[in-house]
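Reader: Please show me the model. I would like to go through its side-chain pairs and packing.

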Amino acid sequence: MIAPLLLMMCSCEDWLTKEPLAQMAPETFFSNENELQAFSNNFYSEFPGSGLYEDQYDLCLHMECPAEMRNGRVIPASGSGWTWTSLRNYNTLLEYSVNCEDEAVRNEYNAVARFFRAYFYFEKVKRFGDVPWYDRQLGSSDPDLYKPRDSRELVMQKMIEDIDFAIANLPSEKSLYRVTKWTALALKSRFCLFEGTFRKYHSYQETMYPEYDWRYYLEQSASAAEEFMNTSGYGVYSADGPDKSYLNLFAAENAIGDEIILARDYNAALGVIHDGNYYTLTQSYGRPGLSKKIVNTYLMKDGSRFTDKPGYETMTFVEECKDRDPRLAQSIRTPGYTRIGSVDPVAPDFTYTVTGYHPVKFVTEPENDGYNKSYNDLPIFRSAEVYLNFAEAKAELGTLTQGDLDNSVKKLRDRVGMPNIDMAAANAEPDPYLMNMYKGVSGTNAGVILEIRRERGIELSPRRLQVL
C-alpha cells in the first residue's frame with residue numbers, strides 16, 4: 001500500500017505546482033515572435049506623446065517661466081524624471097528572450113530592447129549626468145536599488161554597446177512606426193553628438209575620461225550619420241515646393257516616409273489623437289510662442305543675415321517678416337498666412353501666444369480644432385536631423401569640407417530655395433549675433449559651426465526632440 005500512496009502524492013505535487021493556465025508567466029512567455037512583439041509594443045510609450053513646443057527656455061516661451069529660469073529649482077522627494085519602470089521592462093525581455101528558440105527572432109527583439117535601453121539612458125544622462133547602470137531585473141529587496149551612480153563613461157560605453165547591437169540586428173526594411181536599423185543609426189548620431197559636444201565644451205571631462213575623449217564621440221556620431229546618409233535611401237521631402245513642403249511635412253495625416261524615419265502613429269478612427277491644434281489655439285494651454293531670439297536667426301531669402309540690417313531690433317512685425325527664409329512663414333503666422341484647409345488670412349493672436357510669434361507647425365484643418373482632436377502623425381526621427389548631426393560633428397572635429405555641406409545642409413536649404421552655407425565665407429566672418437548666442441565656440445571652424453547651429457535651430461525648432 002505504501003508504494004501506490006507515494007506515487008499518488010508525487011502525482012498530486014506535480015499537478016499542484018503547474019503554472020496557472022489563465023495567467024502569463026515570464027518562464028513560459030517570450031517563446032515566439034508574436035509574444036516578443038506583444039511585450040515590446042509597450043516600449044514605444046517611452047517616446048514623447050505630442051511633445052510639441054516643450055522647449056521653454058531659448059526657442060519657445062510660454063505663459064509661465066520654468067522653475068529653472070526663475071531660480072526656483074527644488075530637489076523633489078520623487079519624480080522629476082527619476083523613474084526606472086521602463087528600464088525594467090527592457091531588461092525583462094532581454095532576460096527571458098532565451099525562451100525563443102529562433103535565434104534570428106530572438107536577436108531582433110533583443111535589439112529592440114537594447115535600442116530602447118540606449119534611448120532611455122540618453123534621456124537620463126541629459127537630465128542627471130551620472131546615473132546607475134542596470135542591465136538586469138531588480139526585485140523590490142535587491143540591494144542594487146540603492147547602489148551609487150555609475151560613471152558617465154561607463155553608461156555611455158554601455159549605450160554604445162546597446163546601439164551597435166541594435167544597428168547590427170534590427171531590420172533594414174523601412175518602417176514608419178517600428179524601430180529599424182535606420183532608427184538606431186539616427187539615435188546613435190544624436191546621442192554621440194550630444195556627448196561629444198558636451199565633453200568638448202566642458203573640458204574637465206577630458207582629464208576624467210582620457211580614453212574616450214570628445215573626439216571619439218564626435219567620430220562615432222559622424223560615422224553613424226554617414227552610414228545612414230549613404231545606405232538608408234531616405235531623403236528630404238520637397239514635393240510640395242519651397243513654400244509648402246516644410247509645413248506640410250508636419251501636418252500630414254500619415255507620416256511622409258521620404259524623410260520621416262520613425263513617427264508616432266495617430267488615427268482618428270481608432271480614437272488615437274493628440275492636442276496639436278488645441279495647444280496653439282487656446283488661451284488656457286500654455287500659449288506658446290517662438291522667441292525673438294530664434295526668429296532673429298532666420299536669414300534673409302538671399303542668404304544674408306537679418307541681424308546685419310540696420311535697425312533690425314526695432315522693425316515692425318511686417319518689416320521683419322519680409323523676404324526671410326521661407327521656413328519662417330512655415331513656422332509662425334506671418335502677414336498673409338492662411339491655415340491649411342482655409343482661404344482666409346489670419347494674423348497672430350495674442351490670446352493664443354505670449355510672444356506674438358504664433359506657431360503654425362503641426363497645425364492642421366480647422367475641423368480638427370478643439371481638445372484632443374488632432375490626428376496627424378508626429379515625427380520622432382527624421383533624416384533632416386541626421387544630416388545636421390553629420391555636419392555638426394565633422395565641423396566640431398575640424399574635418400568638415402564644403403563637399404560635406406553639399407551632401408547634408410544643402411539638401412535642407414534646397415527644399416526651401418535658400419542658398420547653401422559657404423564654409424570659407426562663414427569661417428572668414430563668423431556671425432556676431434550667433435557668437436553671442438553660443439558662447440564658447442572658437443577656432444578656425446567657429447563660423448561654420450555657428451551656421452550649422454543656426455540651421456539646427458531653424459529646421460528642428462520648436463520641439464524638445466532636437467539636440468542643441
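Reader: Which residue forms a salt bridge with Arg 117?
Author: A salt bridge puts a side-chain nitrogen of Lys or Arg within 4 Å of a carboxyl oxygen of Asp or Glu. In this predicted model, the closest N and O atoms of the pair are 2.7 Å apart. The partner of Arg 117 is Asp 162.

Reader: At what pLDDT do side-chain atom pairs count?
Author: Residues are numbered from 1 along each chain as its sequence is written, and side-chain values use heavy atoms, leaving out hydrogens and water. Local features need pLDDT of at least 70, totals for chains, interfaces and linings use all residues, and side-chain atom pairs count only at pLDDT 80 or more.

Reader: How many residues apart are Arg 117 and Asp 162?
Author: Helices here are DSSP runs of H or I, at least four residues, numbered from the N terminus. Arg 117 sits in helix 4 and Asp 162 in helix 5 (residues 152-169). The pair links distant parts of the chain, at a separation of 45 residues.

Reader: Are Arg 117 and Asp 162 buried or exposed?
Author: Buried means under 20% relative accessible area, exposed over 50%, and partly exposed in between (1.4 Å probe, protein chains only). By that cut-off, both Arg 117 and Asp 162 are buried.

Reader: Which helices does the salt bridge of Arg 453 and Glu 392 tie together?
Author: The side chains meet at 3.5 Å, N to O. Both residues are buried. They are 61 residues apart in sequence, so the pair ties together helix 19 (residues 446-460), which holds Arg 453, and, for Glu 392, helix 14.

Reader: How many residues of helix 14 are buried?
Author: Helix 14 covers residues 383-397 and reaches 21 Å from its first C-alpha to its last. That is close to the 21 Å expected, taken as 1.5 Å times one less than the number of residues. The helix is mostly covered, and the buried count is 14 of its 15 residues.

Methods:
Helices (H or I, at least four residues) and strands (E, at least two) are DSSP runs, numbered from the N terminus.
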